[in-house]
Every structure is written in structure tokens, then in C-alpha cells.
Amino acid sequence: MVADRKLSEAELFQVVGAGWKQQGSEKRKKTFREKLKGKPVFSMVLLFLIVLGCVFANVVANHDPSGFYLQNLNTPPGKEFIFGTDSLGRDIYSLIWYGGRVSLVIGLLGAAIITLVGVTYGCISGTAGPKVDSVMMRFTEMCGSIPTLLLILILSAVIQANDVISISVIIGITGWFALARIVRSEVRQIRNSDYVMYARLCGGSFGYVMYHHLIPNFVSAIMFVVISSISSCITMESTLSFLGLGLPADVVSWGSMLSLANKALIMNTWWVIVIPGVFLVITLMCITSMGSFVRSEVNNHYSNL
């Protein structure tokens, strides 16, 4: 009975032997150090600490940021006032964290507006016909040729921006032109793909096609612009505040702290300028470093298009 039984294919080609075991290729897991190799770890940690200090400003600050210590005007850095005081007697150490909170909010909100308007406008222009696309791109080029600062000053005079939301909106609606051109060029490459055509033939709306098929294919290509727009918004707010056209005096930001630079130079109180400027420059450099890393990662990957 045993001899008449037909052996299966696995039994016919079974390998036997003393100490034999099947060998398979195992993918070696990367160590923690290998995972961090090439990444801007220092910039990420430094930016995280700054953001953490701004978020928990009420815990980190050791003085009232709105308090005027009139007996300690222009006091240099010391034990009681770590970063010194300004010409109004305000503690710079406390103002740094509360002012950083406002600057980061303006940067994030402005970048969100730039991303929303730029991506939507670029997708519409990329999927539209030749005439509509030409008109939309000429409008973008015309607005992009105007200096951004001049455009913001005109809108600020018309809208009379005097709070965080209005300044963020003005900075956002004047900084999306470059992003729209990038999105439009990416959309034109993939708009005739099979999956996009199939979704449109099946009755998919423009929002459905944009969300499910267009954005996932170019989101990595625009991440550098999106991240860089955060630092651009913070820089623009600081410029406006330095010129005296930004936030009012009762709203503290890194830019409004730098607006006292002329008085600090006259009175030789270097800490009023240097310390807020150092925090601002370090934050911008960390964001730029992370954006450069994202751009290099995108360039190193092959396109699926």
C-alpha cells in the first residue's frame, strides 16, 4: 500500500540531511543611529525645544511679560532678569517665549493659507483648458512681479490689519504665487494619466479628483515650499513690525521686540536687539534646514510618473 502511494511534489524534492535547515534572506533592521543618519537631528531638536518653550510660555517665563519694572529700565542680563530688560522695563526672557508663540502662530497660519490657495489655484489651472490656463498663469505672473513687501503694505493700508489673524491672512494671500506655478506644472504631467481619466469619466468631482489623485502625487514635491513658507511668513511679520506697520504695541512678537532696535542702538543696550534676533535667526535656520532635507529626499527618489 505504501509503495503504491504517489508521492507529492514536496516529498519528491525534500532535502534531508543532518543539521539541515532552510536558508532564507532576512532583511536586517536598521539601527537607531542608521535611521538618524543624514537627517537634520540637531535642527529638529533645537526647533522642538524652542516650540516647546513657546507653547508652555506660562511655565517657562519667570516674570509677567506685560509688567513694567520701572526700577529696572535697560537692565543688562543678570540673575533676576536672565536676558535683561528693555527701555520699558519689560523682562526680555519672558517676552521671548510669549513673543515666539505669536510669531509661530503667524508662520503656521500664513503657511496654511499659502498652501490652501496655491494648491487649489494650481490644480484648477493645471486641469483647465489652454485659454483658461493661460489667463490664470498670466495673472499669477503679474501678481508675482510686484514686490511682496509693497503688496503687503498696500493691503495693510486697505484692510487696516492690526491683529494676528488679519496679518496672517495678508501675508498668506500675497505669498502663494510660486507654489501655484509648481502645483500647476505637476498637475499637467499627471492630468492625462489613466487613473485620473477614469475617475473623471466615472463622475468624480474636481474636489474628489484633486484630493484622491492629484495631491498624493505631488505632495512630496511641494513640501519644501510649504515648509519654507513658514519661515517666510515669520520673516515678513518681523519686517512689518520692524517698520512699525505690523502688530500693535500691546501684542508682543519677535518682530515687535526688534522694533525697539533704534532706541537700543542709541542707548547701547545690545541685549534688546541681539537676543530676540538670535532666537529668530535660529528658528528660521532650523526650518530652512528641515526644508532642505525634504527637498533632497524628494530629489533622491525616482518619480512614478
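Student: At what angle do helix H5 and helix H9 pack?

Tutor: First, this is a predicted model, where local features need pLDDT of at least 70, side-chain atom pairs count only at pLDDT 80 or more, and totals for chains, interfaces and linings use all residues. Residues are numbered from 1 along each chain as its sequence is written, and side-chain values use heavy atoms, with hydrogens and water left out. Helices are DSSP runs of H or I with at least four residues, numbered from the N terminus, and axes are lines fitted to C-alpha atoms over the stretch in contact, with angles from 0 to 180 degrees between N-to-C directions. H5 covers residues 92-127 and H9 covers residues 177-190; their axes are 7 Å apart and the packing angle is about 40°.

Student: Why is H5 called oblique to H9?

Tutor: Angles under 35 degrees count as roughly parallel, over 145 as roughly antiparallel, 65 to 115 as roughly perpendicular, and the rest as oblique. The angle of H5 with H9 is about 40°, so H5 to H9 is oblique.

Student: How do the residues of the contact of H5 with H9 divide by class?

Tutor: Contact means heavy atoms within 4.5 Å. Residues of H5 including Ile114, Val119 and Tyr121 meet residues of H9, among them Leu179, Val183 and Arg184. Ala, Val, Leu, Ile, Met, Phe, Trp, Tyr, Cys and Pro count as nonpolar, Asp, Glu, Lys and Arg as charged, and the others, Gly among them, as polar. That gives eight nonpolar, six polar and two charged.

Student: What is the class make-up of the contact of H5 with H11?

Tutor: H11 spans residues 206-242, and its axis comes within 7 Å of that of H5, crossing at roughly 140°. That makes H5 oblique to H11. By class, the contact has 18 nonpolar, seven polar and one charged residues.

Student: Are H10 and H11 roughly parallel or roughly antiparallel?

Tutor: H10 is residues 194-201, and the axes of H10 and H11 come within 10 Å. Tyr195, Val196, Ala199 and Arg200 in H10 meet Val209, His213, Leu214 and Asn217 in H11. The two axes cross at roughly 170°, and H10 and H11 are therefore roughly antiparallel.

Student: Which residues are the closest to the centre of the largest pocket?

Tutor: The largest pocket holds about 350 Å³ of space. Its lining has 11 nonpolar, six polar and three charged residues. Of the 20 lining residues, the closest to the centre are Arg90, Pro248, Ala249, Asp250 and Ser256.

Terms used:
Helix = DSSP H or I, 4+ residues; strand = E, 2+ residues; numbered from the N terminus. 1 Å grid on protein atoms, 1.4 Å probe; cavity = no way out; pocket = protein on both sides within 12 Å on 5 of 7 lines; lining within 4 Å. Points joined across faces, edges and corners; volume = space filled by probe spheres on them.
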